[in-house]
Amino acid sequence: MTHLPMRIFLGCIAGAVAVLVFHQTTLQLFFWAGLAPQAAFRFAVVPPFNAPMVVSITFWGAVYGGLFALLAPRLPWPTAAKALLAGAFAGVMGWFVVRPLAGHPAAFGWQSAAMLRSAAACFMWGVGLTLILPLLRPRRLRGWQLRRNAWNRRHLAT
């Protein structure tokens with residue numbers, strides 16, 4: 001079991017990586033299929049912090065990833081349900097908090113195509129987060145410890 005600050009930190013890292021690998025890749029696939037007007041990994045500067053768009057999205061993914069890592073151990077649901085919940089939370093926050101802060105209409109002005117693209121990308125982010133986070137958690141080197149103990153017993157007993 002990792003301590004709370006480490007768990008939140010690892011959640012932030014997993015959330016940021018999930019944005020770059022899962023969220024943005026999903027949006028790029030939509031662009032290549034002709035279903036999105038713009039490519040992913042955009043470097044256009046966006047408000048409210050005047051940062052490149054991909055940096056802003058990665059920041060928010062890290063924030064939500066840290067929050068997810070904080071709450072996930074308390075959720076007794078299967079991993080798939082946690083992934084859907086994380087993606088839904090990120091999508092709703094993006095539609096109703098982040099977009100209005102950036103001066104855009106909430107929920108893409110209720111345009112269904114843009115909302116579906118955003119929901120798909122956010123759900124893929126949730127899947128990525130739930131796949132990456134367990135890989136970052138520290139593990140004991142159990143096999144190495146067992147081999148060392150066997151070596152000690154074999155060589156030190158003589």
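Figure 1. Starting at the N terminus, the elements follow one another as α-β-β-α-α-α-α. That gives five helices and two strands in this predicted model. The chain has 158 residues, and 35% of them count as buried. How many of the contacts between residues at least 6 apart in sequence join residues at least 24 apart? The share is 67%.

**Figure 2. A look at helix α2 and its surroundings.** Helix α2 covers residues 53-71, which makes 19 residues. From its first C-alpha to its last, α2 reaches 27 Å, close to the 27 Å expected at 1.5 Å a residue. Which residues of α2 are buried? They are V54, S56, T58, W60, G61, A62, Y64, G65, G66, F68 and A69.

**Figure 3. Where α2 meets α3.** A pair of packed helices can be described by the angle between the two axes and the distance between them. For α2 and α3, the axes come within 11 Å and cross at roughly 135°. The two helices are therefore oblique to each other, and their crossing is right-handed. On the α2 side, look for W60, Y64, L67 and F68. Their partners in α3 are K82, A86, F89, A90, M93, G94 and V98. Sorted by class, this contact has nine nonpolar residues, one polar residue and one charged residue.

**Figure 4. Where α2 meets α4.** Here is another pair that includes α2. The axes of α2 and α4 come within 11 Å, and they cross at roughly 55°. An angle between 35 and 65 degrees counts as oblique, so α2 and α4 are oblique to each other. This crossing is right-handed. From α2, the contact uses G61, Y64, G65, F68 and A69, while α4 brings W125, L129, T130 and L133. What classes of residue make up this contact of α2 with α4? There are six nonpolar and three polar residues, and no charged ones.

**Figure 5. Where α1 meets α4.** This view moves on to helix α1. The axes of α1 and α4 come within 7 Å and cross at roughly 140°. That angle makes α1 oblique to α4. The crossing in which α1 passes α4 is right-handed. By class, the contact of α1 with α4 has 19 nonpolar residues, five polar residues and one charged residue.

Figure 6. Is P37 buried or exposed? Its relative accessible area is 65%, and exposed means over 50%, so P37 is exposed. Leaving aside neighbours within four places in sequence, P37 is in contact with F31 and R117. Now find A114: P37 and A114 are 77 residues apart in sequence, and their C-alpha atoms are 9.6 Å apart in space.

Notes
Residues are numbered from 1 along each chain as its sequence is written. This is a predicted model: local features need pLDDT of at least 70, side-chain atom pairs count only at pLDDT 80 or more; totals for chains, interfaces and linings use all residues. Side-chain values use heavy atoms; hydrogens and water are left out. Helices (H or I, at least four residues) and strands (E, at least two) are DSSP runs, numbered from the N terminus. The expected span of a helix is 1.5 Å times one less than its number of residues. Buried means under 20% relative accessible area, exposed over 50%, partly exposed in between (1.4 Å probe, protein chains only). Contact means heavy atoms within 4.5 Å. Axes are lines fitted to C-alpha atoms, for helices over the stretch in contact, and angles run from 0 to 180 degrees between N-to-C directions. Angles under 35 degrees count as roughly parallel, over 145 as roughly antiparallel, 65 to 115 as roughly perpendicular and the rest as oblique. A crossing is left-handed if the near helix is turned anticlockwise from the far one by less than a right angle, and right-handed if clockwise. Ala, Val, Leu, Ile, Met, Phe, Trp, Tyr, Cys and Pro count as nonpolar, Asp, Glu, Lys and Arg as charged, and the others, Gly among them, as polar.
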